[in-house]
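Welcome, and thanks for taking a look.

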Amino acid sequence: MSRGGGQPSPVTDRSGLASARRIVVKIGSSSLSTVDGGLNVDAVEALERVLDRVITRGTQVVLVSSGAIAAGLRPLGLDRRPRDLATQQAAAGVGQGLLVAHYSRAFARHGRTVAQVLLTADDLVRRQHYANAFRSLSRLLDLGVVPIVNENDAVATHEIRFGDNDRLAALVANLVKADALVLLSDIDAVYDRPPSAGGTPLRLVRGAADLEGVLLGSAGRAGVGTGGMATKVEAATIAAQSGIPSLVTSAALAGPALDAQEVGTWFSARRGRRPLRLLWLEHLATTRGRLVLDDGAVTAVATGRRSLLAAGIVAVEGAFEHGDPVEIAGLDGRVLARGLVNYASDELPEMLGRSTAHLVAALGPHYERVVVHADDLALVGAGTH
Ligand SMILES: Nc1ncnc2c1ncn2[C@@H]1O[C@H](COP(=O)(O)OP(=O)(O)O)[C@@H](O)[C@H]1O
Ligand SMILES: N[C@@H](CCC(=O)OP(=O)(O)O)C(=O)O
């Protein structure tokens, strides 16, 4: 889904943040937890003070807040983020309520109401679901409510999880047609190497070339954050592909950042933008298998942007159903695209390498000629600018 009417974001550099119409602000667990693992109520209140000021001057804010699992640790007697899914779900179930209770109290100090909005990946990629999520979030904003979004961790399974809220925030920014995405963490900027290795902050990222040689490490505080800087840069890239610029900075600098001061790392937006479904396919979908193509089919798909026909497929790997996401690779094993497949893995082997004329003769005139339609194909790295 593109931004409203395909209009580019009016925010082109940091200075635009001070007058943005609508922004998505994401805050990570590392900024919301105390050193000993509890929920940092001071941090919740500090963020509320900044956001209240921004909303008062006329910017609509959708807050994507992590911290459910972190907030659930202490009540469950856990001293670090659990590894297994069931305990993560339990911690999130306990922590999410506590987290939103703190936000409700904090925003009430300035007479504001918040709404908890829990999303799964499905809510953002299936057309009817995202229309629903868009309607709900838009209505909340129009009513002056601050939506507080998180992944629905208590029920999310490995298959359907975003796993990190950085990318969730980028998709939400696309969904609500935000002017900018602000990612708040425990570090003031993206550095050219992890902080343990020193390094210098990047001020501006215009595209992939500005990230060449940059080392993005894992989460800073063991047992709290999840994705580290890599998922923030990926989120900023997804947003850029949606025509939305991003700022990565620390929660401590949220005030100056939203007042458009020169802090953090600014990712400028790309001009063209891609539909939400293709962004999901390229960056988020869990693939179920792989189609291996001959060289001609690789060229047709990668260069010609053509649909994939059975004639160009030489092997099928994995077990998948009709409609599942699959990897599309060349004979050398390099993945060139991801796509939604029109056949199940057990239907394909007898079709491989056969021409369309042959298949029509064998399977009848109504058979689906295309194995992966061009509209359902996301070239890997295509959005890298
Ligand atoms: N190149 C880098 N630049 C900045 N931070 C980095 C880099 N590589 C790794 N990091 C780490 O990423 C951490 C932020 O990620 P994370 O802990 O997942 O934050 P959050 O909980 O806010 O999502 C920083 O504290 C830092 O230690
Ligand atoms: N949804 C999870 C957070 C996942 C996540 O991305 O955390 P973080 O890397 O701290 O932003 C939670 O609320 O605990």
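Let's begin with a helix pair: the axes of α8 and helix α10 (residues 276-283) cross at roughly 150° and come within 11 Å. Please keep in mind that this is a predicted model.

**Helix packing**

- Two packed helices are described by the angle between their axes and the distance between the axes.
- Angles over 145 degrees count as roughly antiparallel, so α8 and α10 are roughly antiparallel to each other.
- The crossing in which α8 passes α10 is right-handed.
- In a second pair, helix α2 (residues 41-56) packs against helix α4 (residues 85-108) with the axes 9 Å apart and an angle of about 45°.
- That angle is why α2 and α4 are oblique to each other.
- Helices α2 and α4 also make a right-handed crossing.

**The shell around ligand 1**

- There are 26 residues around ligand 1, and those that come nearest are D186, L215, G217, G228 and K232.
- By class, the shell residues divide into eleven polar, eleven nonpolar and four charged.
- At least two shell residues come from each of α1 (29-32), β5 (180-185) and α8 (228-241).

- The side chain of D186 places an N or O atom 2.6 Å from an oxygen atom of ligand 1.
- For S185, a polar side-chain atom lies 2.9 Å from an oxygen atom of ligand 1.
- S29 takes part through its backbone, where a polar atom is 3.4 Å from an oxygen atom of ligand 1.
- The protein buries 95% of the 580 Å² that ligand 1 exposes when taken alone.

Methods:
Residues numbered from 1 in each chain as written. Chains lettered and ligands numbered in written order. Predicted model: local features only at pLDDT ≥ 70, side-chain atom pairs only at ≥ 80, totals over all residues. Heavy atoms only, no water. Near = heavy atom within 4 Å. Polar contact = N/O pair within 3.5 Å; in protein donor to acceptor, adjacent residues only side chain to side chain. Areas by Shrake-Rupley, 256 points an atom, 1.4 Å probe, with all protein chains shown as cover. Helix = DSSP H or I, 4+ residues; strand = E, 2+ residues; numbered from the N terminus. Nonpolar A, V, L, I, M, F, W, Y, C, P; charged D, E, K, R; others polar. Axes fitted to C-alpha atoms, helices over the stretch in contact; angles between N-to-C directions. Parallel < 35°, antiparallel > 145°, perpendicular 65-115°, else oblique. Left-handed = near helix turned anticlockwise from the far one by under 90°.
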